[in-house]
Amino acid sequence: MLVLAFDTATPAVTAALHDGARVLAESTTIDARRHGELLAPTIETVLSEAGASLRDVTAIVAGSGPGPYTGLRVGLMTAQALATTLGVPAYGICSLDAVAYGSGLDGPFIAATDARRKEVFWARYADSRTRIDGPFVDRPADVPLAGLPVVGAGAALYPDVLGESSAPPYPYAGSLAALAAERLAAGTSLDQPRPIYLRRPDAVAPGAPKRVTA
């Protein structure tokens with residue numbers, strides 16, 4: 001097993017390589033505006049550090065969001081393109097699941113990432129491996145905390161409402177790869193690399209041109 005995982009659903013452009021036992025290499029750059037420019041070099045970096053090539057990869061895993069439309073599609077389109085080129089399967093895992101897995105928490109908690117527009121993407125977990133509700137998008141004040149701790153950068157933006165956030169802030173690819181490898185080894189069925197959109201994209205198709213009258 002050699003899993004190449006990456007996520008572009010948040011400002012973290014992150015990639016990692018996992019051999020089924022451990023993370024061989026991981027690289028992350030925080031830049032909310034350059035997902036398309038940074039992902040390919042980041043993938044090349046982790047392959048080089050691990051002493052591997054794309055032809056060695058046996059599975060591709062991409063964070064499927066939720067996240068902003070433009071950044072999210074960079075990772076998912078790359079996953080589909082690489083899988084087709086290499087002839088290997090591609091999978092998608094909820095990016096909040098990677099945040100949750102990276103927390104290592106054993107009890108109930110909420111993971112939240114920044115959804116912009118003064119909102120957060122969030123989901124509720126029984127432990128670091130088990131999502132029990134969500135994902136959703138809401139204003140911070142509308143997240144039903146029920147006294148639970150919160151992890152993720154979404155919470156860090158609104159500490160007065162969501163409380164102090166615990167690490168990790170982003171869905172780092174090392175966690176994404178480790179979670180995917182664990183599920184694959186257990187024979188768990190993984191989703192296809194399709195985006196989790198909780199809002200319509202900002203861009204809309206232009207309407208018909210207005211008639212000009214003399």
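Let me start with Leu4. Not counting residues up to four places away in sequence, Leu4 touches Ala16, Leu17, Ile43, Val46, Leu54, Val57, Ala59, Ile60, Val61 and Leu82, where contact means heavy atoms within 4.5 Å. Before I go on: this is a predicted model, in which local features need pLDDT of at least 70 and side-chain atom pairs count only at pLDDT 80 or more, while totals for chains, interfaces and linings use all residues. Residues are numbered from 1 along each chain as its sequence is written, and side-chain values use heavy atoms, with hydrogens and water left out.

Now the cores. The largest nonpolar core has 25 residues, and those touching the most other members are Leu4, Phe6, Ile43, Val57 and Ile60. By nonpolar core I mean a set of buried Ala, Val, Leu, Ile, Met, Phe, Trp, Tyr and Cys residues joined through side-chain atoms within 4.5 Å. Buried is under 20% relative accessible area, exposed is over 50%, and partly exposed is in between, using a 1.4 Å probe and protein chains only. Two or more residues of this core come from each of β1 (3-7), β2 (12-18), α1 (35-50), β4 (59-63) and α2 (69-86). Helices (H or I, at least four residues) and strands (E, at least two) are DSSP runs, numbered from the N terminus. Which element gives the most to this core? That is α2, with 7 residues. Apart from this core lies another, of 16 residues, among them Val3, Ala5, Tyr91 and Leu176.

Next, strand β7, residues 119-127. Of its 9 residues, 7 are buried, so β7 is largely enclosed by the rest of the structure. Strand β6, residues 109-116, pairs with β7 in the antiparallel sense over 7 bridges; pairing requires that DSSP find at least two bridges between the strands. Ile110 has Arg124 in β7 as its bridge partner. The two strands β6 and β7 make a hairpin with 2 residues between them, and Arg117 in the turn has a positive phi of about 50°. What about strand β8, residues 130-138: how many bridges join β7 to it? There are 6, and these strands also run antiparallel. Here Asp127 stands opposite Thr130 in β8, and β7 and β8 form a hairpin, with 2 residues between them.

On to charged pairs. Side chains of opposite charge can pair when their charged atoms come close. A search of the whole structure finds 5 salt bridges, each being a side-chain nitrogen of Lys or Arg within 4 Å of a carboxyl oxygen of Asp or Glu. One of them joins Asp97 and Arg131, at 2.7 Å from N to O. This pair links distant parts of the chain, with Asp97 in helix α3 (residues 95-103) and Arg131 in strand β8, 34 residues apart. Asp97 is buried, at a relative accessible area of 5%, whereas Arg131 is partly exposed, at 33%. Salt bridges with shared partners join Asp31, Arg34 and Glu37 into one network. Within it, Asp31 and Arg34 meet at 3.5 Å, N to O, and the closest N and O atoms of Glu37 and Arg34 are 3.2 Å apart. Arg34 counts as partly exposed, at 34% relative accessibility, and Glu37 as exposed, at 53%.

Last, the annotation. An unreviewed UniProt entry gives "domain: Gcp-like" for residues 31-143; positions are given in the numbering used here, feature names are shortened, and annotations may be inferred rather than shown by experiment. In the model, that span is 38% helix and 31% strand, and its end C-alpha atoms lie 27 Å apart.
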